[in-house]
Amino acid sequence: FDNFECQFNVANNVAVETLLIPNMIVQPFIENAILHGVSHLATKDGKIDVCITKNNNLLTISIEDNGYGLKTNLDKTSHISKGLNIIEERIQIMQENNPGKIFSINYQVPFPEMERKGHRVVIELTIS
């Protein structure tokens, strides 16, 4: 793909060399941002931003693209993302098994007033 750029922003207090997060939590969201968010843009101005921050023991990972966003009129029965369902189930199990900690995934529209509304996934994980 030559029509987008991807930028990783990692806060200084995040030790990426020793940070442990559950396998395959982030990758599918980055893949979706590429395949469904920006790879088809003819204007070659696509952007994907991955931001990783840490506040005490709360790690926040945000994946944002500037594509057209999710279409609200899609027939949800025509495509079921098994990978995303599995990730959401894993996060739910982690939350249920650790009620005093935070494990969540939130979906947001970063640019609601623009034609290309984009898509943002925010993952929060309590880490030790």
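This is a predicted model: local features need pLDDT of at least 70, side-chain atom pairs count only at pLDDT 80 or more; totals for chains, interfaces and linings use all residues.
Residues are numbered from 1 along each chain as its sequence is written, and side-chain values use heavy atoms, with hydrogens and water left out. Local features required pLDDT of at least 70 and side-chain atom pairs pLDDT 80 or more, whereas totals for chains, interfaces and linings use all residues.

One aromatic pair is present in the structure. The ring centres of Phe-29 and Tyr-107 are 6.3 Å apart and the planes meet at 55 degrees, so the pair is classed as tilted. Distant parts of the chain are linked in this way, as Phe-29 belongs to helix α1 and Tyr-107 to strand β4 (residues 103–108), 78 residues apart. Rings of Phe, Tyr and Trp (its six-membered ring) pair if their centres lie within 6.5 Å; planes under 30 degrees apart are stacked, those over 60 edge-to-face, and the rest tilted. Helices (H or I, at least four residues) and strands (E, at least two) are DSSP runs, numbered from the N terminus. Phe-29 is buried, with a relative accessible area of 4%, whereas Tyr-107 is partly exposed at 37%. Here buried denotes under 20% relative accessible area, exposed over 50%, and partly exposed in between (1.4 Å probe, protein chains only).

Ile-91, in helix α2 (residues 82–97), is also buried, with a relative accessible area of 5%. Leaving aside residues up to four places away in sequence, Ile-91 touches Ile-25, Phe-103, Ser-104, Ile-105 and Leu-125, where contact means heavy atoms within 4.5 Å.

Val-16 lies in the loop between β1 (4–10) and α1 (27–38) and is partly exposed at 46% relative accessibility.

The loop between β1 and α1 also holds Met-24, a non-glycine residue with a positive phi near 55 degrees. Lys-44, likewise not a glycine, has a positive phi of about 60 degrees. Lys-44 is located in the loop between α1 and β2 (46–55) and is exposed, with a relative accessible area of 51%.
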